[in-house]
Amino acid sequence: MDTEAKVAELNRMISGWANYFTLGQVSPAYKSIDRHTIRRLRRWLCHKHKVKSGQYVRFPDARLRDDFGLRQLGRTTKIFPWAKA
């Protein structure tokens, strides 16, 4: 599986999780979903490119977001109407 397909699959799952956690306090749930997806994508990329474990500096968070297009839910809470107080 290529990287674009994997990121697209993760983004679809993230959107589904975001719809599930729309009630109540969503920021803690969104942060834990972001941490989990970043960790899993980084682990998958290291396995795919045969990078030894513990050497995650090759795939920092910014690169996963900017270059690969991984969606982050933590930023979406700022567009909610009640967050603009």
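Where is the place of Thr37? Thr37 sits in helix 2. Helices here are DSSP runs of H or I with at least four residues, numbered from the N terminus. This is a predicted model, in which local features need pLDDT of at least 70, side-chain atom pairs count only at pLDDT 80 or more, and totals for chains, interfaces and linings use all residues. Residues are numbered from 1 along each chain as its sequence is written, and side-chain values use heavy atoms, with hydrogens and water left out.

Thr37 counts as buried because its relative accessibility is 2%. Buried means under 20% relative accessible area, exposed over 50%, and partly exposed in between (1.4 Å probe, protein chains only). Leaving aside neighbours within four places in sequence, Thr37 is in contact with Ile14 and Trp17. Contact means heavy atoms within 4.5 Å.

Helix 2 gives the largest share, six residues.

Now turn to Phe68. Phe68 lies in the segment after helix 3 (61-66). Phe68 counts as partly exposed because its relative accessibility is 22%. Not counting residues up to four places away in sequence, Phe68 touches Thr3, Val7, Leu45, Phe59 and Arg63. Thr3 is 65 residues from Phe68 along the chain, yet their C-alpha atoms are separated by 7.6 Å.

Conventions:
Helix = DSSP H or I, 4+ residues; strand = E, 2+ residues; numbered from the N terminus.
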